Amino acid sequence: MAASEPCTTGGGRSGPGRRGVLRGSLAAAAALAVPAAPVAAPAFALGGRPGAPWGVQTGDVGTDSGLVWVRSDRPARMVVEVSATDSFRRVRRVPGPLLGPGTDFTGTTRLPGLPAGEQIHYRVLLADPDDPRRTGEPVTGTFRTAPGGRRSGVRFLWSADIAGQGWGINPDRGGFRVFEDMRRLDPDFFLCSGDNIYADGPIAASVTLPDGRVWRNITTEEKSKVAESLDEFRGAFRYNRLDAHLRRFSAQVPAITQWDDHDVHNNWYPGQILDDDRYTVKDTSVLSARSLRAFSEYFPVSTLPPGDRDGRVYRVLRHGPLLDVFVLDMRSYRNANSPGRQPEDPTGILGAGQLAWLKRELSRSRAVWKVIASDMPLGLVVTDGKTDFEAVAQGDPGAPLGRELQIAELLRHIKHRRITGTVWLTADVHYTSAQHYAPERAAFGDFEPFWEFVSGPLAAGGFKAAALDATFGPRQEFIKAPDRSNTSPAETPPYFGEVEIDGGSGELTVRLREEGGTVLYRRTLEPGRVGQ
């Protein structure tokens, strides 16, 4: 049903900060424009003590642990102090890595032995490597660990698509204001469904809108061109952290982060050689490796090096008895984009190994709800040029072909293993919608009904609605999209979604929201059903 609720008003790895918000002025722009770091130590770090102007963030938080991230403005030793209160009267010290140019002066420290379902307060200290007594100003943050029981329930947000299509941090609008809207909701965590950066999208100083208004951007050297070198990818990830709202949000709300195409290049697939004159490096295998390294440096992800030497984005995060989140990677293992009419397709969009992992982990899950965090939609037709397709669907309403075969296998597995409570969350298409899939409407009928919810973008262009592919029987219950492509955030508001699981009834409620917090659509699902 539709609704109009008001907005409810935080080297390697080893109460939110209260920063001032953007004020939409030239002075604010100057304050935000933290210099980008070159390969060596940042040039502005000539004296004094180590600092962390890019703030802190946490990720992949469980019932008893979490990862804390920071970036220093010079070589430093990371130390994290943990406390049950924001007074830090009693602390536990956790030593972290040495931060240096090898990781662009970033580092992540794992905090073990935390109590379940509690508010954790932490502060990061950066010490001079040659004199540990010389430390910079502590940078504070907070987060809640996953609950050990179900009584307290779970609430989280999801969205994607940051600084895309040339729409960057605009000081006249107060920067990425949507992050403040999300912070005020105080969720347990934030799921970012990909396109954390637009490596293929330079940020110009200004863009003239169709009505003659001028959109102004804060700019950096690395974002003046497409990202090809490791330092340029690092600079793209660093750019978003110039925004005060984003920094304040990430100091309060832990993240579960996945990636998608624009983290490397639009619609890329492994082995692709780009036909893009802006690039001198055209091999996506080289570009994706550089991006993934920078991604692993700028986000606390438990399955990337050095926490996991094999290094992968797909993983499952268990958030107590109510929720497991299955984070997919529909980018790294896919086959080439094509017309998608193959009668056999063992590689598909996930790769055989990831599909086997997902089927196994879904079967093992005992959580009431299994959220499948998909970086691409299932039944929306996303094109790549005139003849090829970028996502799963390819516009043929008949029996599964191409990448649809892999999804059909997964849906069949969910039905026959009687796996209950699956919900698909995604982004990618730059509008918000809700689709219900049912076998009685489908060309392929060997599955149980389920829901797919779409949100985003957070700070990128809005795009027209994609067509629906009837293979899995989708019916669009809600959609809000612009009537033309690449509308600015000043014309089409940013979108994000909210999921709330009631600890008593186990019901799961999805709310699709827009900037300002207004609820556009709401749907409540009952637990215990195969599929959903």
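Modeller: Strands here are DSSP runs of E, at least two residues long, and they are numbered from the N terminus. Keep in mind that the model is predicted.

Biologist: Start with the backbone, then. Where does F105 lie?

Modeller: F105 sits in the loop between β4 (92–99) and β5 (106–111). Its phi is positive, about 65 degrees, although F105 is not a glycine.

Biologist: And which residues does a cis peptide bond join?

Modeller: G456 and P457, with omega about 5 degrees. P457 also belongs to a loop, the one between β21 (450–454) and β22 (474–480).

Biologist: Now helix packing. How do I read a pair?

Modeller: Two packed helices are described by an angle and a distance, both taken between their axes. Take α3 (residues 230–240) and α5 (residues 284–298): their axes cross at roughly 45 degrees and come within 9 Å.

Biologist: What is the handedness of the crossing where α3 passes α5?

Modeller: Right-handed. On the α3 side the contact is made by L230, F233, R234, F237 and R238. On the α5 side it takes in L287, R290, S291, R293, A294, F295, E297 and Y298.

Biologist: How many residues of each class are in the contact of α3 with α5?

Modeller: The contact has 7 nonpolar, 5 charged and 1 polar.

Biologist: Next, empty space. How is it found?

Modeller: A probe the size of a water molecule is rolled over the atoms, and this shows where empty space is left. Here the largest cavity holds about 240 Å³ of space. It is lined by 17 residues, and Q57, I162, R241, L246 and F299 are the closest to its centre.

Biologist: Which elements give two or more residues to that lining?

Modeller: β10 (189–192), α3, α4 (244–250) and β13 (255–257). The largest share, 3 residues, comes from α4.

Biologist: And the classes in the lining of the largest cavity?

Modeller: That lining has 11 nonpolar, 5 polar and 1 charged residues.

Methods: Residues are numbered from 1 along each chain as its sequence is written. This is a predicted model: local features need pLDDT of at least 70, side-chain atom pairs count only at pLDDT 80 or more; totals for chains, interfaces and linings use all residues. Side-chain values use heavy atoms; hydrogens and water are left out. Axes are lines fitted to C-alpha atoms, for helices over the stretch in contact, and angles run from 0 to 180 degrees between N-to-C directions. Helices (H or I, at least four residues) and strands (E, at least two) are DSSP runs, numbered from the N terminus. A crossing is left-handed if the near helix is turned anticlockwise from the far one by less than a right angle, and right-handed if clockwise. Contact means heavy atoms within 4.5 Å. Ala, Val, Leu, Ile, Met, Phe, Trp, Tyr, Cys and Pro count as nonpolar, Asp, Glu, Lys and Arg as charged, and the others, Gly among them, as polar. On a 1 Å grid over the protein atoms alone, a cavity is a set of points where a 1.4 Å probe fits but cannot get out, and a pocket is an open set with protein on both sides within 12 Å along at least five of seven lines; lining residues have an atom within 4 Å of a point. Grid points are joined across faces, edges and corners, and a volume is the space filled by probe spheres set on the points.
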